[in-house]
Amino acid sequence: MQPSLELSPPAPAPREVVVAEWPSKKICHCLVSTSASSEHRVWADLPDSLLHLIIALLSSFHDLLAFTGTCHSWRAAVFSFPSSIYAFVFPPLHLKAGLRKANRDYGTWYYLLSNYKWRLCDPVRTDLSLRRLAPRNAPNYMRYLGCSYGHLIFSCLEHLLLVDVYTGTKVKLPKLQANSGCAIYCGILMAPLSSSSSCLLLFSKSSVFQWQVGTNSWTEYPLVSEQFFIQIVLFKGQMFAIDFPHTLKTISLAPHPSVQEVDVVWGEDIVVGLNYDPWLVVCGDMLLMVDLVDDLISNGTFQVFCFDSSAEPTKWTKMEKLENWALFLSLDRMSPTFSCMNPERWGGKSNCIYLPSVSKDSDEPWIAVELGQAVYSTSRSNSYILGGRSNQLESLWVLPSLVYGVRQ
């Protein structure tokens with residue numbers, strides 16, 4: 001049975017608690033409220049090419065909601081807009097998850113979903129937020145496998161669950177019939193769930209499991225050698241991954257799943273952070289790696305490197321500035337990373353790295369660290385982010401599934 005998918009927020013239900021209603025005003029109606037119905041049709045019949053130019057000027061998720069709520073043709077234009085551009089137009093939302101750690105079983109962390117709530121906040125409109133309750137009839141204890149295309153990915157033994165972070169709706173997947181010794185540690189969607197070509201990949205150390213949207217079963221592909229990926233990103237039609245111990249890999253699915261190490265040269269002036277996991281970030285047409293160096297000299301500073309595949313041999317090139325870009329990193333490496341061009345449009349700062357705050361005493365949900373600036377000097381209460389990979393799903397950056405529209 002094909003799971004039921006929602007492209008727009010469902011009607012209000014008792015399980016949803018709205019702290020502040022997010023706007024969805026009818027732009028078209030406002031513009032023509034005193035005009036004849038024929039003029040209304042003119043606005044509704046604007047060509048997609050012009051509507052796409054307007055969409056490119058939107059500076060927040062709130063603007064997108066208002067645009068999609070205007071009329072059917074405007075909403076359709078959003079769904080035909082290239083989804084990859086959204087990451088560069090406005091910032092992601094901050095998801096304050098705060099999932100309670102339930103127990104630990106042989107190095108595996110599980111989280112308690114009973115009576116669980118999460119909070120979404122837009123960096124552009126910090127005065128507004130949205131709260132959601134965990135889906136009903138979900139297993140109490142589940143393992144977090146990642147987040148992609150606006151969906152949290154959870155597992156509990158053979159049970160898999162996708163949860164839309166914006167609507168709170170869930171998609172229950174077919175049971176995963178894997179052997180007892182096969183521990184799934186991460187998952188990623190290859191395209192928006194609304195796309196008929198989308199599939200979900202789950203990774204264990206020795207296998208890849210694939211579920212095609214609309215099917216009732218999983219396909220297992222063995223990996224030649226055991227792999228443990230810290231992070232996986234999609235860049236220019238390829239899957240890139242960082243594994244342990246911090247080597248860059250590419251993952252191919254056709255004609256059969258395979259993993260290849262990318263031979264990358266490090267410059268002599270590059271100092272690699274010790275005992276820390278780097279981040280991969282897709283930034284426009286660049287693939288970046290962000291590392292955090294913690295020593296007595298740097299006092300905790302970020303370094304950013306650009307993947308230069310045109311060089312012979314391929315190398316990581318250190319970037320002294322991010323220019324007019326801002327990066328958004330989550331502490332858990334299974335959570336997505338984002339980039340945003342010209343963040344001053346929405347009140348942000350260029351050449352900055354945005355991190356969720358990990359201090360319960362901080363009034364700010366996130367901190368902005370300028371590239372080259374010491375993390376300690378930015379927020380000493382957040383300094384324990386230097387301690388390594390986070391084992392708790394506290395907070396992360398997300399783009400709701402509505403942003404990605406429908407891409408066939």
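Tutor: Let's start with a definition: buried means under 20% relative accessible area, exposed over 50%, and partly exposed in between, using a 1.4 Å probe and protein chains only. This is a predicted model, in which local features need pLDDT of at least 70 and side-chain atom pairs count only at pLDDT 80 or more, while totals for chains, interfaces and linings use all residues. Residues are numbered from 1 along each chain as its sequence is written, and side-chain values use heavy atoms, with hydrogens and water left out.

Student: Is aspartate 127 buried or exposed?

Tutor: Aspartate 127 forms a salt bridge with arginine 125, with the closest N and O atoms 3.1 Å apart. A salt bridge here is a side-chain nitrogen of Lys or Arg within 4 Å of a carboxyl oxygen of Asp or Glu. Arginine 125, at 32% relative accessibility, counts as partly exposed. Because its relative accessibility is 55%, aspartate 127 counts as exposed.

Student: Nice. How many salt bridges does the structure hold?

Tutor: Side chains of opposite charge can pair when their charged atoms come close. Aspartate 243 and lysine 249 meet in such a bridge, at 2.7 Å from N to O. Aspartate 243 is buried, with a relative accessible area of 4%, and lysine 249 is buried too, at 8%. The number of salt bridges in the structure is 2.

Student: Which side chain makes a polar contact with the side chain of serine 80?

Tutor: Serine 80 sits in the loop between α5 (72-79) and α6 (86-89); helices (H or I, at least four residues) and strands (E, at least two) are DSSP runs numbered from the N terminus. Setting aside residues up to four places away in sequence, serine 80 touches Asp48 and His52, where contact means heavy atoms within 4.5 Å. A polar contact is a pair of N or O atoms within 3.5 Å; within protein, one must be able to donate a hydrogen and the other to accept it, and residues adjacent in sequence count only if both atoms are side-chain atoms. At 3.0 Å, the partner side chain is that of histidine 52.

Student: How far apart in space are the C-alpha atoms of serine 80 and histidine 52?

Tutor: Serine 80 counts as partly exposed, because its relative accessibility is 37%. In sequence, serine 80 and histidine 52 are 28 residues apart. In space, their C-alpha atoms are separated by 8.6 Å.

Student: Which residues of α4 are buried?

Tutor: Helix α4 covers residues 61-68 and is mostly covered, with 7 of its 8 residues buried. At the start of α4, a side-chain oxygen of serine 60 comes to within 3.3 Å of the backbone nitrogen of histidine 62. The buried residues are Phe61, His62, Leu64, Leu65, Ala66, Phe67 and Thr68.

Student: What is the relative accessibility of serine 148?

Tutor: Serine 148 lies in strand β6, residues 141-148. Leaving aside neighbours within four places in sequence, serine 148 is in contact with Ile153, Ile188 and Leu189. Serine 148 counts as buried because its relative accessibility is 10%.

Student: And how far is the C-alpha atom of valine 403 from that of phenylalanine 81?

Tutor: Valine 403 is in helix α8, residues 401-404. Valine 403 is buried, with a relative accessible area of 0%. Along the chain, valine 403 and phenylalanine 81 are 322 residues apart. Their C-alpha atoms are separated by 9.6 Å.
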